[in-house]
Amino acid sequence: MEDAFWLYTDGAARGNPGPSAIGAVLFRGSPTAGHVVAELSTTIGHATNNVAEYRAVIEGLEMAAGHSPALLVLRSDSLLLVRQLLGQYRVKAPGLRPLHARARRLLDGFERVRIEHVRRERNRHADRLANRALDS
């Protein structure tokens with residue numbers, strides 16, 4: 001699907017909470033046959049792993065918005081984040097509520113969106129970007 005984009009995101013915290021970073025990679029076309037359009041790898045200061053996961057999604061969605069995809073497939077290895085964004089889990093942690101609201105507003109700005117959980121081994125590119133930022 002040529003007009004589709006795939007966004008993989010990952011957040012990392014060492015210490016939980018501790019030094020944290022995010023990674024995201026945006027593919028045009030399928031991740032196996034498509035090409036990387038944009039990626040990000042940056043530290044976000046001291047945070048929990050869940051905050052880092054949400055920050056990765058938010059910054060990844062902002063990055064994807066500039067490309068106006070007809071379909072955006074958001075993939076994360078955080079089952080909690082995916083289920084919260086799909087409305088299957090409530091957001092209980094007060095610190096995550098504004099991040100969840102921001103992510104939902106960004107998702108609403110896309111024509112079509114699919115949100116999918118992927119196993120960690122299928123999210124290596126974003127994981128590598130988050131860890132690279134932590135290591136630098």
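**E121 is partly exposed, with 42% relative accessible area, and forms a salt bridge with R119.** The structure is a predicted model, in which local features need pLDDT of at least 70 and side-chain atom pairs count only at pLDDT 80 or more, while totals for chains, interfaces and linings use all residues. Residues are numbered from 1 along each chain as its sequence is written, and side-chain values use heavy atoms, with hydrogens and water left out. The closest N and O atoms of E121 and R119 are 3.0 Å apart. R119 is exposed, with a relative accessible area of 57%. Buried denotes under 20% relative accessible area, exposed over 50%, and partly exposed the range in between (1.4 Å probe, protein chains only). A salt bridge requires a side-chain nitrogen of Lys or Arg within 4 Å of a carboxyl oxygen of Asp or Glu.

**D127 and R120 are joined by a salt bridge.** Their closest N and O atoms are separated by 3.6 Å. The two partners fall into separate accessibility classes: D127 is buried at 17% relative accessible area, whereas R120 is exposed at 57%.

**R75, R114 and E116 are linked in a network of salt bridges.** R114 is partly exposed, with a relative accessible area of 38%. The structure holds 8 salt bridges. Side chains of opposite charge can pair when their charged atoms come close.

**Y8 and F27 form an edge-to-face aromatic pair.** By the ring criterion (centres of Phe, Tyr or Trp rings within 6.5 Å, the six-membered ring being used for Trp; planes under 30 degrees apart stacked, over 60 edge-to-face, the rest tilted), the count comes to 1 aromatic pair. The centres of the Y8 and F27 rings are 5.9 Å apart, with 85 degrees between the planes. Because Y8 lies in strand β1 (residues 4-13) and F27 in strand β2 (residues 18-28), the pair ties together parts that are 19 residues apart in sequence. Strands (E, at least two residues) and helices (H or I, at least four) are DSSP runs, numbered from the N terminus.

**Helices α1 (residues 49-65) and α3 (residues 97-108) cross at roughly 25 degrees.** Their axes, lines fitted to C-alpha atoms over the stretch in contact, with angles from 0 to 180 degrees between N-to-C directions, come within 10 Å. The two helices are therefore roughly parallel to each other (under 35 degrees; over 145 is roughly antiparallel, 65 to 115 roughly perpendicular, the rest oblique). The crossing is left-handed, the near helix being turned anticlockwise from the far one by less than a right angle (clockwise would be right-handed). On the α1 side, V51, Y54, R55, V57, I58, L61 and E62 meet L99, H100, R102, A103, L106 and L107 of α3, contact meaning heavy atoms within 4.5 Å.

**A cis peptide bond connects N16 to P17.** Omega of this bond is near 5 degrees. N16 lies in the loop between β1 and β2, where P17 is also found. Phi of N16 is positive, near 40 degrees, although the residue is not glycine. N16 is partly exposed at 47% relative accessibility. Most residues other than glycine have a negative phi, and most peptide bonds are trans.

**S68 has a positive phi of about 45 degrees without being a glycine.** S68 is located in the loop between α1 and β4 (71-76). At 61% relative accessibility, S68 counts as exposed.
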